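Visitor: I'm new to this one. Could you show me how to read it, one feature at a time?

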2 protein chains.
Amino acid sequence: MKAIKVNRARLKAAMESISAVGATPRGGLHRLALGDKDKEARDMLRDWCTQAGYPVRVDRIGNMYARRAGRHEGELPVLIGSHLDSQPMAGRFDGPVGVIAALEVMKTLDDLGIATDRPIDLVNWTNEEGARFQPPLLASGVFAGAYELEFALSRQDNDGVSVASELERIGYAGTHPASFSISSYIELHIEQGVVLEQAHATIGVVSGFVGIRDTRVSVFGENVHAGPLAMHLRKDALIGAAQMVLAAQELGLANAPDARVTVGRLSVPSDSHSIVPGRVDLVLDVRHPDAASLDALQAQLEDRFRLICAKLGLSVEFEPYWNYAPIVFDPAVREHIRSAAEQHGYPCLDLPSRAGHDALNVAKVAPTAMIFIPCLKGISHNEAEFATDEDIAAGADILLAATLAAAMK
Amino acid sequence: MKAIKVNRARLKAAMESISAVGATPRGGLHRLALGDKDKEARDMLRDWCTQAGYPVRVDRIGNMYARRAGRHEGELPVLIGSHLDSQPMAGRFDGPVGVIAALEVMKTLDDLGIATDRPIDLVNWTNEEGARFQPPLLASGVFAGAYELEFALSRQDNDGVSVASELERIGYAGTHPASFSISSYIELHIEQGVVLEQAHATIGVVSGFVGIRDTRVSVFGENVHAGPLAMHLRKDALIGAAQMVLAAQELGLANAPDARVTVGRLSVPSDSHSIVPGRVDLVLDVRHPDAASLDALQAQLEDRFRLICAKLGLSVEFEPYWNYAPIVFDPAVREHIRSAAEQHGYPCLDLPSRAGHDALNVAKVAPTAMIFIPCLKGISHNEAEFATDEDIAAGADILLAATLAAAMK
């Protein structure tokens, strides 16, 4: 099959229009889930889809679906899309690229008069970011059965406003079931890392999600005055914590390029210039695409931390509180993506996603894969987030080809 | 002269009575400056002094003075005492030992019919601890001219209540000048360290105060997502801070036994499990009894921190905000203390104070020295703080002898 391309100008114009809704002065986006700007963006998407002849349904958790009919309407649909909500004062590409490209895919198929066997459903997931309502990936979680509908509807923002009342207020409390069967799911997204940029690759064939394990670590020593006691008699919990931070980095680097080990939270409760810290609390974040390696690395870190404390006369406690197993995407859908990239001549490579996306939920109930495109220096959740028009168009071309492959029997 | 001793039983009874005012269930003391319990303790001290024939004056910042007349009333007084206020949920010895022993010194002189050339003034300083009103050593600072009276009166606690209004409320807004000339100042205090305990010494001849220098250190890297970016590309400010914490300890230990180097405050503003820290703020506290050594150690630490950052691709900023030069106590007053200890046969040694006391202020305006006695394991600012009756009595004996020597022409 010839490598067909989406309409560059139309895609760019649509990205510009949707980016204007909640635009920040420095070229970013502030469009929190279910706020006034999210309603405005949803209305814009609904109008575009309706005008193009793709009837829009809204489900009970506010997810929007727009259908391009297939030849066999009884077939399960191919689902494509992403999310229109953003983090506070963030970028215009994280989410919208996948939604707007999905619409462009359907329009290009119309332009070329291509009928697919299966229907194609565009999706805009509610509250992907989790910035306003916790947890993130909320509505795709309901879709995939990870969360009860009632749980999701009852989530409240910091002002005590619930998802249910906001859906009602902005007119997106739909009646469509929040869960239904699909034949496959494909999501286009910016990488939010530098793997593609550094490899000069345009297309990332996402292999799945790395496993993520977070552990609260508490280090115990003895609070003493910073003056009188001789230093060699101290039991300074911060010395233990500092050694742990360095050991975490060392073990993470020793397991490159797959592992990530991070201490992003660390606090000293005594918080006084004149008190030797008797306690330090930190959070250890370990990521690895392979489940067994993740387990081994976690065990290695905990052993090392215990050894550090034993040598210093400190004690340590671990409290696991977050544990996502790695997810491997569907080989057939990944192959659709890879062969499309080769056909188009876009340099591509395989990589896992190290951040969460709605595909993480959907992968549990349907064949799923993701397409990544580069973003400048990996900067994301930041007004400076940037992806080129060319890369967005290339991503849309691949979404088009992979969707077409998935929608044909 | 024969080694005269204070009345053990009376001293012990007075310590028990004063310790009951603000006593905590676990044997400690909670008697914040100018609160109801501080008023009760002040009233008790005032009644004891008045009944013993020592007229009490209160100055404009609430410091209490009780005078035992001298033969030559025109002579400048010898000032002895400490403070009755405490840290929250703290110990019963930090402060009160010096006040109650001072009263016992005057009573013993009465018992023995000893007249001194100079008058002796007992003092109870207002707000030594700085737990309720910042800064600590507040009223001795006014006495020594370090703070303006109006500044001290305007200090507020966390509820916005001022020193002035509390002095008025509890009846200790006096009219005596907050500053007057004295011939010398001697303060008995628990060590709050383990130097005496480990040397099996009963009396510490305090040589002065160590210098204390506090510096805010900010380490700058780059906030990035903990997932996508390869670990070797990170600019993790917490890695830099951890190396600094360990370097601070290393350089402190290398300058044992005189130096103390402490990081007691450290915070990570990004505070997210999934963000590699782009900034860490910490406070570096350096103490040394010798001014030149303190300067050299501070310079060495800052050089080392800069080197750590240079190697890691981070940057660092230093903001000095606290700098007390070392203080050397008066040789004559120290000699009174040392010879008294030798005469009594109490094992003694010289040591600097590594914590702040009112003597730090008074030393700037009059010949000053301090007597330390041991406290169990150096534990202080804690309900478990403990000193034996024998050591308190020994300390009072030395205060008696040193006061007598200072009060004779």
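**Where the chains meet**

Guide: Happy to, and keep in mind that this is a predicted model. Chain A and chain B bury about 4000 Å² between them, and carbon and sulfur atoms give 65% of that area. On chain A's side, P228(A), M231(A) and H273(A) supply 18% of the area buried against chain B, more than any other three residues.

Visitor: Why talk about area here?

Guide: The size of an interface is often given as the accessible area lost when the parts come together.

Visitor: What about pockets? How much space lies in the second largest pocket?

Guide: About 1400 Å³. Its lining has 46 residues, and the closest to the centre are H225(A), S272(A), S274(A), I275(A) and H381(B). Elements giving two or more residues to this lining are β8 (224–225) of chain A, plus α7 (195–199), β12 (315–324) and α11 (358–362) of chain B. β12(B) gives the most, with three residues. By type, the lining divides into 18 nonpolar, 19 polar and nine charged residues.

Visitor: What does T116(B) touch?

Guide: Leaving out residues up to four places away in sequence, T116(B) touches R68(B), A69(B), G70(B), R71(B), L109(B), L404(B), A407(B) and M408(B). Its side chain also reaches the backbone oxygen of R118(B) at 2.7 Å.

Terms used
Residues are numbered from 1 along each chain as its sequence is written. Chains are lettered from A and ligands numbered from 1 in the order in which they are written. This is a predicted model: local features need pLDDT of at least 70, side-chain atom pairs count only at pLDDT 80 or more; totals for chains, interfaces and linings use all residues. Side-chain values use heavy atoms; hydrogens and water are left out. On a 1 Å grid over the protein atoms alone, a cavity is a set of points where a 1.4 Å probe fits but cannot get out, and a pocket is an open set with protein on both sides within 12 Å along at least five of seven lines; lining residues have an atom within 4 Å of a point. Grid points are joined across faces, edges and corners, and a volume is the space filled by probe spheres set on the points. Helices (H or I, at least four residues) and strands (E, at least two) are DSSP runs, numbered from the N terminus. Ala, Val, Leu, Ile, Met, Phe, Trp, Tyr, Cys and Pro count as nonpolar, Asp, Glu, Lys and Arg as charged, and the others, Gly among them, as polar. A polar contact is a pair of N or O atoms within 3.5 Å; within protein, one must be able to donate a hydrogen and the other to accept it, and residues adjacent in sequence count only if both atoms are side-chain atoms. Contact means heavy atoms within 4.5 Å. Buried area is the accessible area (1.4 Å probe) that two parts lose on being put together, summed over both.
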